[in-house]
Amino acid sequence: MPIDPSIAVGAELPEVSFSWTASDVALYNLAVGAAADPMNEAALDYIDDVAPKVLPSFATVAATFHVTEAPKVSFPGIDIDLAKVVHGSQEVVAHRRIPASGTATTRSRVVEVQDKGSAAVVISEKVTSDADGPLWTERSSIFAKGEGGFGGERGASTRVSYPDRTADHRIEIPTHANQALLYRLCGDRNPLHSSPAFAKAAGFPRPILHGLCSYGLVCRALADELFDGDVTRIGGYAATFAGIVFPGETLIVDVWDEDSQLKMTASILQRDGAPALGNVVATRA
Ligand SMILES: CCCCCCC[C@@H](O)CC(=O)SCCNC(=O)CCNC(=O)[C@H](O)C(C)(C)COP(=O)(O)OP(=O)(O)OC[C@H]1O[C@@H](n2cnc3c(N)ncnc32)[C@H](O)[C@@H]1OP(=O)(O)O
């Protein structure tokens, strides 16, 4: 059976220990659009050889940075074809400043499996710690098409309420035609983002951008545009992947500034504002 919630929910996955270097962080920063302006000397802090800036979104790639195989959607009680899966949502809470290099261990478990009728949503939680204690916590979901209908609970919907006014800020983020090919070097070798044949078989006209690349692009642009480049001022960051993004498209990010939080949406310039990210919330550290 592809999904058996009675086995999946609560099952602890094997701990994963990993290390990352300042070069990994710099490559990630470039893959999410850092240092794009060659005349901006300050942006070189993103590619410093020893102490590059570390975005909170780096947490999403640290554990798998050096993995070169495509991911498998296979855990206790869950076995799903990768071609049926898209990333549904992602949240990172940084418990303290993420070091530019380090060694850590991640503990993961599936916390909920939602039956959305035609689709299943599998929600996981990961806690990453180093020798000094917890570093960050992630909560993420995958949306598995055609895997619903197993008789489970529909579960709650995520709906951020936005202020009833025009956005306080608008940020444009161009992406490159080879953005996904660059981003895959940060540890997500899902062929959905590189192989036209795989993308077609999965129901897309061409390879799509990694959800976590859009997620990182928005986090980096937010730090640069609204936090004076100080990545440590973003303590938590969450988003739902509301629609696919093709490499080369431009993201339009609308930002509502609400005291401790910034609420955002991201849409696609070239497709009349088609949604890309929704329920985007950055929490001030
Ligand atoms: C272990 C390793 C695993 C590998 C992980 C994957 C690795 C990566 O390489 C993969 C990727 O990066 S894929 C790219 C990023 N993701 C995307 O592009 C998805 C974009 N979103 C969509 O296409 C649609 O919103 C779509 C298709 C998600 C939903 O659209 P619809 O089918 O039209 O659904 P809708 O009618 O809007 O809603 C039905 C119910 O589902 C809930 N829902 C919707 N979008 C969701 C999402 N993104 N995440 C979680 N839940 C979601 C809705 O709330 C609704 O439920 P309810 O009625 O109870 O509220």
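What follows is a working chat about a predicted model.

Trainee: What should I know before reading the values?
Mentor: This is a predicted model, where local features need pLDDT of at least 70, side-chain atom pairs count only at pLDDT 80 or more, and totals for chains, interfaces and linings use all residues. Residues are numbered from 1 along each chain as its sequence is written, and side-chain values use heavy atoms, with hydrogens and water left out.

Trainee: Which residues come nearest to the ligand?
Mentor: Lys116, Ser157, Asp188, His193 and Phe241, out of 27 residues around the ligand (a heavy atom within 4 Å).

Trainee: How far is the side chain of His193 from an oxygen atom of the ligand?
Mentor: An N or O atom of the His193 side chain is 2.6 Å from a ligand oxygen. For Asp188 the corresponding distance is 2.7 Å, and a polar side-chain atom of Lys116 lies 2.8 Å from a ligand oxygen.

Trainee: Now Asp115. Where does it lie?
Mentor: Asp115 lies in strand 5, residues 102-115 (a DSSP run of E, at least two residues, numbered from the N terminus).

Trainee: Which side chain of opposite charge is nearest to Asp115?
Mentor: Arg154, 6.5 Å away. Asp115 is buried (under 20% relative accessible area, 1.4 Å probe, protein chains only) and has no salt bridge (a side-chain nitrogen of Lys or Arg within 4 Å of a carboxyl oxygen of Asp or Glu).

Trainee: What lies 2.9 Å from a polar atom of its side chain?
Mentor: The backbone nitrogen of Phe150.

Trainee: Switching to helix 5. How many of its residues are buried?
Mentor: 13 of the 16 in helix 5. Asp228, with a positive phi near 50°, follows helix 5.

Terms used:
Buried means under 20% relative accessible area, exposed over 50%, partly exposed in between (1.4 Å probe, protein chains only). Helices (H or I, at least four residues) and strands (E, at least two) are DSSP runs, numbered from the N terminus. Lys and Arg count as positive and Asp and Glu as negative; His and the chain ends are not counted. A polar contact is a pair of N or O atoms within 3.5 Å; within protein, one must be able to donate a hydrogen and the other to accept it, and residues adjacent in sequence count only if both atoms are side-chain atoms.
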